[in-house]
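Please read the notes below with the model open beside them, and look up each residue as it is named.

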Amino acid sequence: MASHGDWKDETICQSSGEIHAPRYFKEFEDFAEALGKAPGELILRDVLTKEMYDRYKDEKTALGVTFDKCIKGGIDKARLGEKWNVGKVGVLFGDAECVTKYPDLMHPVIVARHGNPHLPHPPPNLEGSQLMDQSIIDEKYVISTRVRTGRSISGFPLPPSISADQRKELEGIVTGALQTLTGEMSGDYYPLAGSTTYAAKPIGIDKETEERLIKDHFLFQEPDEPMLLSWRMERDWPHARGIYHNNDKTALVWVNEEDHLRIISMQQGHDIRAVFDRFAALVRAVETACKSVGRELEISPMYGNILSCPSNCGTGLRASMMIKIPLASAQPNFKQWCADRKLQARGSSGFASGAKDDGIRDVSNVDRMGKDEVTLVNEMIKGVADLIAWEKQLEAAAK
Ligand code: ADP
Ligand code: MG
């Protein structure tokens with residue numbers, strides 16, 4: 001049985017392959033009261049009705065994903081309270097087909113999460129020449145710059161629902177594809193410490209190397225956040241998870257974390273043009289490499305990329321600068337200031353980290369859908385420039 005604090009998953013399955021498709025609830029009434037009373041922002045509470053639940057509760061996608069699986073984390077949050085922070089949506093996709101199999105829930109959830117985006121989602125735009133002039137950003141405040149997206153490979157359930165065997169098969173396909181990358185992108189795959197699924201490195205990398213990669217912001221952390229646990233994305237950890245990176249650790253691909261793939265370009269300093277151009281090349285190279293081994297990506301004509309979390313669908317793009325803004329980040333209206341400019345600020349060590357008092361924030365675009373990649377990166381560039389200007393005003397006022 002899996003548990004963490006007040007949360008536990010008592011689901012009993014005959015085989016490990018079944019955990020991806022549990023029926024957690026019997027009736028809407030099982031959770032209706034808790035859901036109705038759930039405090040704070042929770043899109044699932046606002047959209048899900050008894051009629052909808054009854055229509056979908058006995059359905060499964062072709063890969064076996066139940067409706068219950070998709071809403072599990074939202075119900076956990078309703079029952080355990082806001083401290084069980086699975087995010088504002090309360091829904092994840094067990095596979096890409098969930099979007100079209102359960103449309104009466106999924107469409108309004110996606111539309112609400114993305115603030116009524118322009119649909120169909122526009123085609124990709126990876127033209128670095130269309131980025132804003134980055135010299136509007138005072139580089140003294142910028143530690144590093146990063147752009148990431150996610151990609152899903154057809155034929156596999158997404159991380160909430162994937163089985164151990166499927167995860168291993170996906171790792172094999174993806175690492176095979178990554179090994180065909182050349183030039184600046186060429187590198188190696190490093191399975192997590194203790195992972196036994198990758199033959200060339202049968203026990204994974206050593207723990208110190210793994211810890212250093214995490215500390216240096218290259219690698220994801222071991223899952224202990226509510227969202228990952230409620231949807232059971234920690235199953236079979238650490239097997240078949242890992243990171244591909246080039247020598248300079250400027251082009252990176254995460255395998256089997258919150259998405260099948262996370263594709264990342266990053267470097268020290270504020271040169272977003274260089275980071276974005278490398279990102280574009282890496283995305284194209286990874287997509288081509290996957291297709292060359294006979295695999296398609298899950299891209300919906302309506303919503304763009306389908307990833308595990310509705311909030312990431314569309315471009316999947318999060319462009320961020322790690323900036324030092326001790327005065328602005330301490331202002332009571334800081335969060336709202338960022339939200340007004342379509343920015344999100346995370347603490348200096350990732351989504352789960354409490355905003356530490358080091359004055360450092362990872363500031364990124366908050367939107368993902370209805371706008372193309374260049375537009376979203378430009379929102380980040382403009383927003384960071386404005387944020388640094390605000391920091392300077394506060395510095396001047398403090399003197
Ligand atoms: P993601 O949305 O990519 O999953 P997370 O919040 O989980 O992002 O963070 C993953 C890692 O990426 C963390 O170590 C985080 O500090 C790091 N990171 C994010 N943006 C930057 C940046 N601009 N420079 C350096 N590291 C970054
Ligand atoms: Mg993350």
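1. Pro238 is found in the loop between α9 (226–230) and β5 (242–246), where helices (H or I, at least four residues) and strands (E, at least two) are DSSP runs, numbered from the N terminus. The peptide bond that joins Trp237 and Pro238 is cis, and its omega is about 0°.

2. Before going further, please keep in mind that this is a predicted model, in which local features need pLDDT of at least 70 and side-chain atom pairs count only at pLDDT 80 or more, while totals for chains, interfaces and linings use all residues. Residues are numbered from 1 along each chain as its sequence is written, chains are lettered from A and ligands numbered from 1 in the order in which they are written, and side-chain values use heavy atoms, with hydrogens and water left out.

3. Asp236 is also found in the loop between α9 and β5, and although Asp236 is not a glycine, its phi is positive, at about 60°. Most residues other than glycine have a negative phi, and most peptide bonds are trans. Asp236 has a relative accessible area of 33% and is therefore partly exposed (buried means under 20% relative accessible area, exposed over 50%, and partly exposed in between, with a 1.4 Å probe and protein chains only).

4. Lys342, which is found in the loop between α11 (334–340) and β11 (343–346), likewise has a positive phi of about 60° without being a glycine. Its relative accessibility is 37%, so Lys342 counts as partly exposed.

5. A cis peptide bond also runs from Leu119 to Pro120, with omega near -5°, and Pro120 lies in the loop between α6 (103–113) and β3 (142–151).

6. Thr196 lies in the loop between β4 (187–191) and α8. Thr196 and Ala240 are 44 residues apart in sequence, yet their C-alpha atoms are 7.4 Å apart in space. If its neighbours within four places in sequence are left aside, Thr196 is in contact with Pro202 and His239, contact meaning heavy atoms within 4.5 Å.

7. How many aromatic pairs does the structure hold? There are 15 of them, where rings of Phe, Tyr and Trp (its six-membered ring) pair if their centres lie within 6.5 Å, and planes under 30 degrees apart count as stacked, over 60 as edge-to-face and the rest as tilted. One of the pairs, Phe220 with Trp254, is edge-to-face, at 5.2 Å centre to centre and 75° between the planes. This pair links distant parts of the chain, 34 residues apart, with Phe220 in the loop between α8 (207–215) and α9 and Trp254 in strand β6 (residues 251–255). Both Phe220 and Trp254 are buried.

8. One aromatic cluster is formed by Tyr24, Phe25, Phe28, Phe31, Tyr53, Tyr56, Phe67 and Tyr102.

9. The axes of helix α1 (residues 29–37) and helix α4 (residues 67–80) come within 8 Å and cross at roughly 60°; axes are lines fitted to C-alpha atoms, for helices over the stretch in contact, and angles run from 0 to 180 degrees between N-to-C directions. The two helices α1 and α4 are therefore oblique to each other (angles under 35 degrees count as roughly parallel, over 145 as roughly antiparallel, 65 to 115 as roughly perpendicular and the rest as oblique). The contact is made by Asp30, Phe31, Ala34 and Leu35 of α1 together with Ile71, Ile75, Ala78 and Arg79 of α4.
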